[in-house]
Amino acid sequence: MDYLPIYLTLADKPCLVVGGGGVAQRKVALLQRAQGQVHLVAPALTAELQRQADGGAVQWRQGLFEDSDLDGKHLVIAATDDSAVNAHISGLCQARGIPVNVVDNAELCSFIVPSIMDRTPVLVSVSTGGASPVLARQLRARLETLIPSTYGRLAAMAEAYRDRARSAIPDEGKRRHFWEEVLQGPIAEMVFAGRDDEARQALEDALAGKSAGREMGEVYLVGAGPGDPDLLTFRAVRLMQQADVVIYDRLVAGPILDMTRRDAERYYVGKEKDNHAVPQEGINQLLVEHARQGKRVLRLKGGDPFIFGRGGEEIETLAQEGVPFQVVPGITAAAGCASYSGIPLTHRDYAQSVTFVTGHLKAGDLDLNWPALVQPRQTVVFYMGLTGISVISQRLVEHGMSPDMPAALVEQGTTPNQRVLIGTVRTLPEIVRQAEVRAPTLTIVGEVVKLHEKLEWYQAEEHTPGTVFSSHGQAGRS
Ligand SMILES: C[S@@+](CC[C@H](N)C(=O)[O-])C[C@H]1O[C@@H](n2cnc3c(N)ncnc32)[C@H](O)[C@@H]1O
(Lines give C-alpha, C1' and ligand atoms only; values in the text may rest on other atoms or scores of the structure.)
Protein backbone atom coordinates (compact mmCIF):
# COMPACT_ATOMS: atom_id res chain seq x y z
CA MET A 1 0.00 0.00 0.00
CA ASP A 2 1.15 3.53 -0.70
CA TYR A 3 -0.93 4.83 2.21
CA LEU A 4 -2.21 3.58 5.53
CA PRO A 5 -5.95 4.30 5.79
CA ILE A 6 -6.69 5.54 9.29
CA TYR A 7 -9.54 7.50 10.86
CA LEU A 8 -8.61 10.55 12.86
CA THR A 9 -10.42 11.83 15.93
CA LEU A 10 -11.00 15.53 15.42
CA ALA A 11 -13.85 16.33 17.80
CA ASP A 12 -13.15 19.77 19.31
CA LYS A 13 -9.56 19.72 18.07
CA PRO A 14 -8.26 22.94 16.50
CA CYS A 15 -7.70 22.49 12.76
CA LEU A 16 -6.42 25.08 10.33
CA VAL A 17 -7.55 25.80 6.80
CA VAL A 18 -5.42 28.27 4.89
CA GLY A 19 -7.40 29.94 2.12
CA GLY A 20 -10.87 31.41 1.84
CA GLY A 21 -12.15 30.34 -1.57
CA GLY A 22 -14.51 27.62 -2.76
CA VAL A 23 -12.04 24.78 -2.18
CA ALA A 24 -11.32 25.98 1.34
CA GLN A 25 -15.07 26.16 1.93
CA ARG A 26 -15.49 22.48 1.01
CA LYS A 27 -12.61 21.49 3.29
CA VAL A 28 -14.09 23.49 6.14
CA ALA A 29 -17.38 21.64 5.68
CA LEU A 30 -15.56 18.31 5.81
CA LEU A 31 -13.70 19.18 9.01
CA GLN A 32 -16.93 20.39 10.56
CA ARG A 33 -18.63 17.09 9.76
CA ALA A 34 -15.89 15.45 11.83
CA GLN A 35 -16.59 18.03 14.56
CA GLY A 36 -13.21 19.73 14.19
CA GLN A 37 -12.82 23.25 15.55
CA VAL A 38 -12.03 25.17 12.39
CA HIS A 39 -9.61 28.10 12.19
CA LEU A 40 -9.27 29.97 8.92
CA VAL A 41 -6.52 32.21 7.66
CA ALA A 42 -7.18 34.19 4.49
CA PRO A 43 -7.31 37.77 3.33
CA ALA A 44 -10.90 37.33 2.13
CA LEU A 45 -13.67 34.72 2.37
CA THR A 46 -16.49 33.42 0.23
CA ALA A 47 -19.92 34.68 1.25
CA GLU A 48 -20.71 31.37 2.94
CA LEU A 49 -17.45 31.31 4.92
CA GLN A 50 -18.01 34.94 5.86
CA ARG A 51 -21.44 34.00 7.18
CA GLN A 52 -19.90 31.21 9.24
CA ALA A 53 -17.17 33.50 10.55
CA ASP A 54 -19.77 36.11 11.53
CA GLY A 55 -21.80 33.45 13.31
CA GLY A 56 -18.75 32.09 15.14
CA ALA A 57 -18.89 28.64 13.46
CA VAL A 58 -15.28 29.19 12.28
CA GLN A 59 -12.55 31.40 13.68
CA TRP A 60 -11.12 33.63 11.00
CA ARG A 61 -7.90 35.57 11.12
CA GLN A 62 -7.91 37.95 8.22
CA GLY A 63 -4.52 38.18 6.55
CA LEU A 64 -1.77 36.13 4.99
CA PHE A 65 -0.44 32.90 6.51
CA GLU A 66 2.05 33.30 9.35
CA ASP A 67 4.08 30.46 10.84
CA SER A 68 2.50 31.01 14.23
CA ASP A 69 -0.90 30.05 12.75
CA LEU A 70 0.21 26.44 13.13
CA ASP A 71 0.55 26.66 16.89
CA GLY A 72 -1.71 24.20 18.67
CA LYS A 73 -3.23 22.83 15.44
CA HIS A 74 -3.90 19.10 15.04
CA LEU A 75 -4.37 19.14 11.31
CA VAL A 76 -3.75 21.59 8.51
CA ILE A 77 -5.19 21.96 5.04
CA ALA A 78 -3.51 24.38 2.64
CA ALA A 79 -5.96 25.56 0.03
CA THR A 80 -4.38 28.76 -1.27
CA ASP A 81 -3.67 29.37 -4.94
CA ASP A 82 -0.07 30.34 -4.16
CA SER A 83 2.12 27.26 -4.64
CA ALA A 84 5.07 28.82 -2.75
CA VAL A 85 2.87 29.45 0.29
CA ASN A 86 1.43 25.92 0.07
CA ALA A 87 4.96 24.43 -0.10
CA HIS A 88 6.08 26.55 2.83
CA ILE A 89 3.10 25.39 4.95
CA SER A 90 3.75 21.77 4.02
CA GLY A 91 7.45 21.99 4.97
CA LEU A 92 6.68 23.59 8.32
CA CYS A 93 3.94 21.08 9.19
CA GLN A 94 6.04 18.08 8.28
CA ALA A 95 8.92 19.40 10.36
CA ARG A 96 6.57 19.86 13.32
CA GLY A 97 4.76 16.54 12.84
CA ILE A 98 1.37 18.11 12.05
CA PRO A 99 -0.67 16.17 9.48
CA VAL A 100 -0.92 18.36 6.39
CA ASN A 101 -2.88 18.21 3.18
CA VAL A 102 -2.12 20.49 0.27
CA VAL A 103 -5.04 20.56 -2.11
CA ASP A 104 -4.22 19.01 -5.50
CA ASN A 105 -0.57 18.43 -4.68
CA ALA A 106 -0.06 14.88 -3.40
CA GLU A 107 3.71 15.35 -3.07
CA LEU A 108 3.30 18.04 -0.46
CA CYS A 109 0.75 16.06 1.56
CA SER A 110 1.41 13.90 4.60
CA PHE A 111 -2.18 12.62 4.27
CA ILE A 112 -4.74 12.57 1.52
CA VAL A 113 -8.49 12.87 1.85
CA PRO A 114 -10.49 9.96 0.47
CA SER A 115 -13.96 10.00 -1.04
CA ILE A 116 -16.28 9.30 1.87
CA MET A 117 -19.54 7.43 2.21
CA ASP A 118 -21.01 8.56 5.49
CA ARG A 119 -23.40 6.26 7.31
CA THR A 120 -22.19 7.30 10.74
CA PRO A 121 -21.08 5.40 12.72
CA VAL A 122 -20.27 3.45 9.55
CA LEU A 123 -17.76 5.21 7.32
CA VAL A 124 -16.48 3.87 4.05
CA SER A 125 -13.68 5.70 2.36
CA VAL A 126 -12.36 5.20 -1.13
CA SER A 127 -9.03 6.42 -2.38
CA THR A 128 -7.07 5.96 -5.57
CA GLY A 129 -4.00 7.44 -3.90
CA GLY A 130 -4.52 10.63 -5.85
CA ALA A 131 -4.36 8.79 -9.19
CA SER A 132 -7.94 9.66 -10.11
CA PRO A 133 -10.23 11.42 -7.63
CA VAL A 134 -13.05 11.16 -10.19
CA LEU A 135 -12.72 7.37 -10.18
CA ALA A 136 -12.81 7.38 -6.38
CA ARG A 137 -15.98 9.42 -6.47
CA GLN A 138 -17.55 7.05 -8.98
CA LEU A 139 -16.69 4.06 -6.82
CA ARG A 140 -18.18 5.79 -3.84
CA ALA A 141 -21.35 6.49 -5.81
CA ARG A 142 -21.62 2.78 -6.56
CA LEU A 143 -21.26 1.94 -2.91
CA GLU A 144 -23.90 4.51 -2.06
CA THR A 145 -26.37 2.54 -4.16
CA LEU A 146 -25.55 -0.71 -2.37
CA ILE A 147 -25.56 0.42 1.23
CA PRO A 148 -28.88 1.68 2.55
CA SER A 149 -28.86 5.18 3.96
CA THR A 150 -30.22 3.71 7.19
CA TYR A 151 -27.11 1.57 7.70
CA GLY A 152 -25.91 3.94 10.40
CA ARG A 153 -29.04 3.25 12.46
CA LEU A 154 -28.41 -0.47 12.20
CA ALA A 155 -24.82 -0.02 13.35
CA ALA A 156 -25.95 2.18 16.24
CA MET A 157 -28.45 -0.47 17.30
CA ALA A 158 -25.78 -3.17 17.16
CA GLU A 159 -23.54 -0.98 19.30
CA ALA A 160 -26.29 -0.43 21.85
CA TYR A 161 -26.76 -4.18 22.25
CA ARG A 162 -23.10 -5.18 22.17
CA ASP A 163 -22.62 -5.62 25.90
CA ARG A 164 -25.96 -7.41 26.28
CA ALA A 165 -25.01 -9.81 23.52
CA ARG A 166 -21.60 -10.42 25.10
CA SER A 167 -23.13 -11.50 28.39
CA ALA A 168 -26.07 -13.40 26.84
CA ILE A 169 -23.86 -15.33 24.38
CA PRO A 170 -20.41 -15.75 25.96
CA ASP A 171 -19.09 -18.08 23.24
CA GLU A 172 -17.34 -15.90 20.67
CA GLY A 173 -18.12 -18.09 17.66
CA LYS A 174 -21.81 -18.34 18.54
CA ARG A 175 -21.92 -14.63 19.16
CA ARG A 176 -20.42 -13.90 15.76
CA HIS A 177 -23.01 -16.17 14.16
CA PHE A 178 -25.74 -14.38 16.10
CA TRP A 179 -24.64 -11.00 14.81
CA GLU A 180 -24.33 -12.30 11.26
CA GLU A 181 -27.95 -13.43 11.44
CA VAL A 182 -29.10 -10.14 12.92
CA LEU A 183 -27.19 -7.86 10.58
CA GLN A 184 -28.28 -9.45 7.35
CA GLY A 185 -31.60 -10.97 8.31
CA PRO A 186 -35.11 -9.76 9.02
CA ILE A 187 -34.04 -7.60 11.96
CA ALA A 188 -31.78 -5.54 9.70
CA GLU A 189 -34.58 -5.30 7.16
CA MET A 190 -36.92 -3.96 9.84
CA VAL A 191 -34.43 -1.16 10.53
CA PHE A 192 -34.06 -0.39 6.83
CA ALA A 193 -37.84 -0.24 6.52
CA GLY A 194 -38.03 2.23 9.43
CA ARG A 195 -39.54 -0.30 11.87
CA ASP A 196 -36.94 0.32 14.58
CA ASP A 197 -39.18 -0.54 17.54
CA GLU A 198 -40.08 -3.87 15.99
CA ALA A 199 -36.40 -4.49 15.27
CA ARG A 200 -35.42 -3.76 18.86
CA GLN A 201 -38.14 -6.11 20.12
CA ALA A 202 -36.97 -8.85 17.77
CA LEU A 203 -33.40 -8.31 18.95
CA GLU A 204 -34.52 -8.55 22.58
CA ASP A 205 -36.36 -11.78 21.75
CA ALA A 206 -33.36 -13.16 19.96
CA LEU A 207 -31.10 -12.39 22.91
CA ALA A 208 -33.61 -14.00 25.24
CA GLY A 209 -33.21 -17.11 23.09
CA LYS A 210 -36.70 -16.92 21.63
CA SER A 211 -35.77 -16.67 17.97
CA ALA A 212 -33.57 -14.64 15.71
CA GLY A 213 -36.60 -13.79 13.62
CA ARG A 214 -35.92 -16.62 11.20
CA GLU A 215 -39.03 -18.73 11.73
CA MET A 216 -41.27 -16.41 9.80
CA GLY A 217 -39.89 -14.99 6.59
CA GLU A 218 -40.96 -11.80 4.93
CA VAL A 219 -42.48 -10.69 1.66
CA TYR A 220 -41.05 -7.80 -0.33
CA LEU A 221 -43.65 -6.41 -2.70
CA VAL A 222 -41.42 -4.59 -5.12
CA GLY A 223 -42.19 -2.36 -8.08
CA ALA A 224 -39.83 -3.22 -10.92
CA GLY A 225 -40.67 -0.14 -12.99
CA PRO A 226 -41.68 -0.12 -16.64
CA GLY A 227 -38.71 -1.97 -18.11
CA ASP A 228 -35.43 -0.06 -18.04
CA PRO A 229 -33.41 -1.66 -15.19
CA ASP A 230 -31.78 1.70 -14.47
CA LEU A 231 -35.15 2.89 -13.20
CA LEU A 232 -35.16 0.49 -10.25
CA THR A 233 -34.85 2.01 -6.81
CA PHE A 234 -31.81 1.29 -4.63
CA ARG A 235 -34.03 -0.55 -2.19
CA ALA A 236 -35.55 -2.69 -4.93
CA VAL A 237 -32.09 -3.78 -6.09
CA ARG A 238 -30.95 -4.61 -2.58
CA LEU A 239 -34.03 -6.71 -1.81
CA MET A 240 -33.82 -8.40 -5.21
CA GLN A 241 -30.32 -9.52 -4.39
CA GLN A 242 -31.18 -11.04 -1.07
CA ALA A 243 -34.51 -12.77 -1.68
CA ASP A 244 -34.60 -16.58 -1.50
CA VAL A 245 -37.72 -16.83 -3.67
CA VAL A 246 -38.77 -14.67 -6.61
CA ILE A 247 -42.39 -14.56 -7.76
CA TYR A 248 -42.78 -12.47 -10.88
CA ASP A 249 -45.19 -11.80 -13.67
CA ARG A 250 -45.07 -11.08 -17.35
CA LEU A 251 -44.37 -7.39 -17.19
CA VAL A 252 -41.07 -7.84 -15.38
CA ALA A 253 -38.36 -7.36 -17.99
CA GLY A 254 -35.72 -10.07 -18.45
CA PRO A 255 -32.74 -7.82 -17.61
CA ILE A 256 -34.45 -6.95 -14.34
CA LEU A 257 -35.06 -10.57 -13.47
CA ASP A 258 -31.37 -11.21 -14.12
CA MET A 259 -30.56 -8.91 -11.25
CA THR A 260 -32.17 -11.19 -8.69
CA ARG A 261 -30.03 -13.70 -6.80
CA ARG A 262 -28.95 -16.46 -9.14
CA ASP A 263 -29.71 -19.28 -6.71
CA ALA A 264 -33.16 -17.97 -5.78
CA GLU A 265 -36.19 -20.17 -6.51
CA ARG A 266 -38.24 -18.52 -9.27
CA TYR A 267 -41.94 -18.73 -9.97
CA TYR A 268 -43.56 -17.24 -13.04
CA VAL A 269 -47.16 -16.44 -12.23
CA GLY A 270 -48.20 -15.03 -15.59
CA LYS A 271 -50.82 -12.33 -15.63
CA GLU A 272 -50.83 -12.18 -19.39
CA LYS A 273 -54.22 -10.99 -20.56
CA ASP A 274 -56.64 -13.90 -20.27
CA ASN A 275 -53.77 -16.22 -19.36
CA HIS A 276 -53.15 -16.13 -15.67
CA ALA A 277 -50.53 -18.86 -15.20
CA VAL A 278 -51.48 -18.80 -11.52
CA PRO A 279 -54.78 -17.28 -10.39
CA GLN A 280 -54.63 -14.40 -7.89
CA GLU A 281 -55.64 -16.55 -4.89
CA GLY A 282 -52.88 -18.99 -5.83
CA ILE A 283 -50.33 -16.16 -5.89
CA ASN A 284 -51.47 -14.95 -2.49
CA GLN A 285 -51.12 -18.46 -1.08
CA LEU A 286 -47.71 -18.93 -2.66
CA LEU A 287 -46.46 -15.81 -0.90
CA VAL A 288 -47.82 -16.92 2.46
CA GLU A 289 -46.49 -20.48 2.18
CA HIS A 290 -42.95 -19.46 1.34
CA ALA A 291 -42.81 -16.77 3.98
CA ARG A 292 -44.03 -19.31 6.54
CA GLN A 293 -41.05 -21.46 5.65
CA GLY A 294 -38.85 -18.59 6.85
CA LYS A 295 -37.93 -17.45 3.36
CA ARG A 296 -37.46 -13.94 2.05
CA VAL A 297 -39.94 -13.74 -0.76
CA LEU A 298 -39.66 -11.17 -3.51
CA ARG A 299 -42.95 -10.40 -5.21
CA LEU A 300 -41.78 -8.53 -8.24
CA LYS A 301 -44.34 -6.57 -10.22
CA GLY A 302 -44.11 -4.36 -13.27
CA GLY A 303 -44.34 -0.61 -12.67
CA ASP A 304 -45.64 0.32 -9.26
CA PRO A 305 -47.31 -2.41 -7.19
CA PHE A 306 -50.11 -0.11 -6.07
CA ILE A 307 -51.10 1.15 -9.51
CA PHE A 308 -53.25 -1.36 -11.38
CA GLY A 309 -51.02 -4.01 -9.88
CA ARG A 310 -53.32 -5.79 -7.42
CA GLY A 311 -50.54 -5.27 -4.90
CA GLY A 312 -53.10 -4.21 -2.34
CA GLU A 313 -54.93 -7.52 -2.57
CA GLU A 314 -51.75 -9.50 -2.16
CA ILE A 315 -50.69 -7.73 0.98
CA GLU A 316 -54.20 -7.85 2.41
CA THR A 317 -53.82 -11.61 2.51
CA LEU A 318 -50.37 -11.26 4.09
CA ALA A 319 -51.73 -8.90 6.73
CA GLN A 320 -54.57 -11.32 7.52
CA GLU A 321 -52.11 -14.20 7.84
CA GLY A 322 -49.67 -12.25 10.00
CA VAL A 323 -46.85 -12.39 7.45
CA PRO A 324 -44.48 -9.39 7.65
CA PHE A 325 -44.12 -7.47 4.42
CA GLN A 326 -42.80 -4.27 2.99
CA VAL A 327 -43.78 -2.43 -0.18
CA VAL A 328 -41.26 -0.76 -2.45
CA PRO A 329 -42.70 1.67 -4.98
CA GLY A 330 -41.67 1.50 -8.59
CA ILE A 331 -41.91 3.91 -11.48
CA THR A 332 -45.34 3.40 -12.93
CA ALA A 333 -45.74 2.92 -16.69
CA ALA A 334 -47.38 6.33 -17.11
CA ALA A 335 -44.41 8.14 -15.57
CA GLY A 336 -41.85 6.02 -17.43
CA CYS A 337 -43.57 6.17 -20.83
CA ALA A 338 -44.27 9.89 -20.50
CA SER A 339 -40.64 10.71 -19.74
CA TYR A 340 -39.18 8.41 -22.38
CA SER A 341 -41.53 9.68 -25.06
CA GLY A 342 -41.12 13.37 -24.23
CA ILE A 343 -44.77 13.85 -23.29
CA PRO A 344 -45.07 15.67 -19.96
CA LEU A 345 -48.26 14.51 -18.28
CA THR A 346 -49.02 17.95 -16.95
CA HIS A 347 -48.04 21.29 -18.43
CA ARG A 348 -48.92 24.83 -17.47
CA ASP A 349 -50.38 25.58 -20.89
CA TYR A 350 -52.17 22.30 -21.59
CA ALA A 351 -53.06 20.16 -18.59
CA GLN A 352 -53.50 20.89 -14.91
CA SER A 353 -54.26 17.34 -13.92
CA VAL A 354 -53.67 13.79 -15.03
CA THR A 355 -55.92 10.79 -14.58
CA PHE A 356 -54.79 7.17 -14.73
CA VAL A 357 -57.59 4.82 -15.78
CA THR A 358 -57.86 1.17 -16.64
CA GLY A 359 -58.90 0.39 -20.19
CA HIS A 360 -59.46 -3.25 -19.35
CA LEU A 361 -62.70 -4.40 -20.98
CA LYS A 362 -65.40 -6.08 -18.95
CA ALA A 363 -67.99 -7.91 -21.04
CA GLY A 364 -66.78 -5.99 -24.09
CA ASP A 365 -67.31 -2.56 -22.56
CA LEU A 366 -65.71 -0.06 -20.23
CA ASP A 367 -67.58 1.24 -17.25
CA LEU A 368 -65.75 4.54 -16.75
CA ASN A 369 -66.76 8.04 -15.74
CA TRP A 370 -66.64 9.31 -19.33
CA PRO A 371 -68.03 12.81 -18.66
CA ALA A 372 -65.13 13.36 -16.23
CA LEU A 373 -62.56 11.97 -18.66
CA VAL A 374 -63.50 14.37 -21.47
CA GLN A 375 -63.07 17.50 -19.35
CA PRO A 376 -60.60 19.97 -20.91
CA ARG A 377 -57.11 20.81 -19.62
CA GLN A 378 -56.32 17.36 -18.35
CA THR A 379 -54.37 14.33 -19.55
CA VAL A 380 -55.90 10.88 -19.46
CA VAL A 381 -53.67 7.82 -19.40
CA PHE A 382 -55.19 4.45 -20.22
CA TYR A 383 -53.46 1.36 -18.87
CA MET A 384 -54.36 -1.98 -20.47
CA GLY A 385 -56.28 -0.15 -23.16
CA LEU A 386 -55.13 -1.96 -26.28
CA THR A 387 -57.93 -4.46 -26.75
CA GLY A 388 -60.50 -1.85 -25.90
CA ILE A 389 -58.98 0.92 -28.02
CA SER A 390 -62.01 1.22 -30.31
CA VAL A 391 -64.35 1.48 -27.33
CA ILE A 392 -62.09 4.12 -25.74
CA SER A 393 -61.92 6.15 -28.93
CA GLN A 394 -65.66 5.92 -29.53
CA ARG A 395 -66.77 6.70 -25.96
CA LEU A 396 -64.48 9.72 -25.62
CA VAL A 397 -65.89 11.24 -28.81
CA GLU A 398 -69.47 10.31 -27.88
CA HIS A 399 -69.03 12.16 -24.59
CA GLY A 400 -67.83 15.33 -26.27
CA MET A 401 -64.08 15.08 -26.73
CA SER A 402 -62.85 16.44 -30.03
CA PRO A 403 -61.99 13.56 -32.40
CA ASP A 404 -58.85 15.55 -33.21
CA MET A 405 -57.62 15.55 -29.63
CA PRO A 406 -53.94 14.45 -29.80
CA ALA A 407 -53.26 10.93 -28.54
CA ALA A 408 -50.18 8.73 -28.27
CA LEU A 409 -49.57 5.03 -27.97
CA VAL A 410 -46.35 4.06 -26.22
CA GLU A 411 -45.42 0.44 -26.75
CA GLN A 412 -42.82 -1.22 -24.49
CA GLY A 413 -41.99 2.14 -23.00
CA THR A 414 -38.49 2.75 -21.56
CA THR A 415 -37.11 -0.39 -23.20
CA PRO A 416 -34.79 -0.61 -26.22
CA ASN A 417 -37.89 -1.62 -28.23
CA GLN A 418 -39.98 1.40 -27.32
CA ARG A 419 -42.29 2.67 -30.09
CA VAL A 420 -44.22 5.91 -29.90
CA LEU A 421 -47.16 6.34 -32.25
CA ILE A 422 -48.85 9.69 -32.45
CA GLY A 423 -52.33 10.37 -33.73
CA THR A 424 -55.68 11.59 -32.50
CA VAL A 425 -58.45 10.08 -30.48
CA ARG A 426 -60.24 9.21 -33.72
CA THR A 427 -57.23 7.51 -35.35
CA LEU A 428 -56.17 5.40 -32.37
CA PRO A 429 -57.90 2.14 -33.46
CA GLU A 430 -56.51 2.48 -36.98
CA ILE A 431 -52.98 3.07 -35.68
CA VAL A 432 -53.15 -0.01 -33.50
CA ARG A 433 -54.29 -2.05 -36.50
CA GLN A 434 -51.87 -0.62 -39.04
CA ALA A 435 -48.79 -0.57 -36.85
CA GLU A 436 -49.64 -3.92 -35.23
CA VAL A 437 -49.24 -2.44 -31.80
CA ARG A 438 -48.71 -5.06 -29.09
CA ALA A 439 -48.94 -5.09 -25.30
CA PRO A 440 -47.67 -3.62 -23.10
CA THR A 441 -48.87 -0.34 -24.47
CA LEU A 442 -50.03 2.80 -22.77
CA THR A 443 -52.40 5.32 -24.31
CA ILE A 444 -51.95 9.01 -23.50
CA VAL A 445 -54.75 11.38 -24.47
CA GLY A 446 -54.55 15.15 -24.23
CA GLU A 447 -53.04 18.35 -25.61
CA VAL A 448 -49.69 17.49 -23.97
CA VAL A 449 -49.13 14.91 -26.71
CA LYS A 450 -48.31 17.83 -29.04
CA LEU A 451 -45.11 18.37 -27.08
CA HIS A 452 -43.69 15.04 -28.17
CA GLU A 453 -42.45 16.48 -31.43
CA LYS A 454 -40.34 19.04 -29.58
CA LEU A 455 -39.34 17.05 -26.51
CA GLU A 456 -38.63 13.59 -27.90
CA TRP A 457 -35.15 12.59 -26.67
CA TYR A 458 -34.97 8.86 -26.01
CA GLN A 459 -33.56 6.76 -28.79
CA ALA A 460 -34.70 3.17 -28.67
CA GLU A 461 -32.26 0.63 -30.10
CA GLU A 462 -34.21 0.26 -33.32
CA HIS A 463 -34.84 3.97 -33.28
CA THR A 464 -37.47 5.40 -35.50
CA PRO A 465 -38.72 8.84 -34.60
CA GLY A 466 -42.24 8.85 -33.21
CA THR A 467 -44.62 7.89 -36.00
CA VAL A 468 -47.33 10.43 -36.63
CA PHE A 469 -50.62 9.42 -38.17
CA SER A 470 -52.71 11.98 -40.00
CA SER A 471 -56.37 12.39 -39.18
CA HIS A 472 -57.11 9.85 -41.92
CA GLY A 473 -54.79 7.30 -40.36
CA GLN A 474 -51.93 7.80 -42.86
CA ALA A 475 -48.49 7.12 -41.32
CA GLY A 476 -45.66 9.65 -41.50
CA ARG A 477 -42.64 10.76 -39.51
CA SER A 478 -42.53 13.28 -36.70
C1 LIG B 1 -51.68 -4.66 -15.13
S2 LIG B 1 -51.13 -3.09 -15.59
C3 LIG B 1 -49.77 -2.91 -14.51
C4 LIG B 1 -49.33 -1.52 -14.31
C5 LIG B 1 -48.13 -1.38 -13.42
N6 LIG B 1 -48.44 -1.78 -12.09
C7 LIG B 1 -47.59 0.03 -13.43
O8 LIG B 1 -47.61 0.73 -12.41
O9 LIG B 1 -47.09 0.44 -14.48
C10 LIG B 1 -50.36 -3.40 -17.13
C11 LIG B 1 -50.45 -2.25 -18.11
O12 LIG B 1 -49.48 -1.28 -17.81
C13 LIG B 1 -49.03 -0.67 -19.00
N14 LIG B 1 -47.57 -0.89 -19.08
C15 LIG B 1 -46.78 -1.51 -18.22
N16 LIG B 1 -45.51 -1.45 -18.60
C17 LIG B 1 -45.48 -0.78 -19.77
C18 LIG B 1 -44.47 -0.38 -20.68
N19 LIG B 1 -43.18 -0.68 -20.46
N20 LIG B 1 -44.83 0.30 -21.79
C21 LIG B 1 -46.12 0.62 -22.02
N22 LIG B 1 -47.11 0.28 -21.19
C23 LIG B 1 -46.82 -0.41 -20.09
C24 LIG B 1 -49.76 -1.32 -20.14
O25 LIG B 1 -50.89 -0.54 -20.43
C26 LIG B 1 -50.15 -2.63 -19.52
O27 LIG B 1 -51.28 -3.16 -20.15
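Which residue caps the N-terminal end of helix 7? Asp171 does, with a side-chain oxygen 3.1 Å from the backbone nitrogen of Gly173. This is a predicted model, in which local features need pLDDT of at least 70, side-chain atom pairs count only at pLDDT 80 or more, and totals for chains, interfaces and linings use all residues. Residues are numbered from 1 along each chain as its sequence is written, and side-chain values use heavy atoms, leaving out hydrogens and water.

Helices (H or I, at least four residues) and strands (E, at least two) are DSSP runs numbered from the N terminus. Buried means under 20% relative accessible area, exposed over 50%, and partly exposed in between, with a 1.4 Å probe and protein chains only.

- Helix 7 covers residues 172-184, and its 13 residues reach 18 Å from first C-alpha to last, close to the 18 Å expected at 1.5 Å a residue (1.5 Å times one less than the number of residues).
- Arg175, Phe178, Trp179 and Val182 are the buried residues here.
- Seen down the axis, the buried residues of helix 7 fall within an arc of 95°, so they line one face of the helix; the arc is that of the directions from the helix axis to the C-beta atoms.
- Arg176 and Gln184 are exposed on the other side of helix 7.
- Packed against the buried residues of helix 7 are helix 5 (151-160), helix 6 (162-168), helix 8 (186-192) and helix 9 (196-207).
- In helix 5, Gly152, Leu154, Met157 and Ala158 are buried, and their cover includes strand 6 (115-119) along with helices 6, 7, 8 and 9.

**The ligand site**

- The ligand is surrounded by 18 residues, and the closest are Ile307, Thr332, Ala333, Gly413 and Thr441; a residue counts as near when one of its heavy atoms lies within 4 Å.
- Thr332 places a polar side-chain atom 2.6 Å from an oxygen atom of the ligand.
- Polar backbone atoms take part too: one of Asp304 is 2.8 Å from a ligand oxygen, and one of Met384 is 2.8 Å from a ligand oxygen.
- A polar contact is a pair of N or O atoms within 3.5 Å; within protein, one must be able to donate a hydrogen and the other to accept it, and residues adjacent in sequence count only if both atoms are side-chain atoms.

**The largest nonpolar core**

- This core has 25 residues, and those with the most contacts inside it are Trp370, Leu373, Phe382, Leu396, Met401, Leu409 and Val445. A nonpolar core is a set of buried Ala, Val, Leu, Ile, Met, Phe, Trp, Tyr and Cys residues joined through side-chain atoms within 4.5 Å.
- At least two core residues each come from helix 15 (370-373), strand 14 (378-383), helix 16 (389-398), strand 15 (406-411) and helix 17 (428-434).
- Helix 16 gives the largest share, four residues.
- Beyond its neighbours within four places in sequence, Leu409 is in contact (heavy atoms within 4.5 Å) with residues including Ile389, Val420, Leu428, Ile431 and Thr441.

**Helix 2**

- Leu49, Gln52 and Ala53 are buried in helix 2 (residues 47-55).
- Helix 1 (22-33), strand 2 (37-42) and strand 3 (59-62) pack against the buried residues of helix 2.
- Gly56 follows helix 2 and has a positive phi, near 85°.
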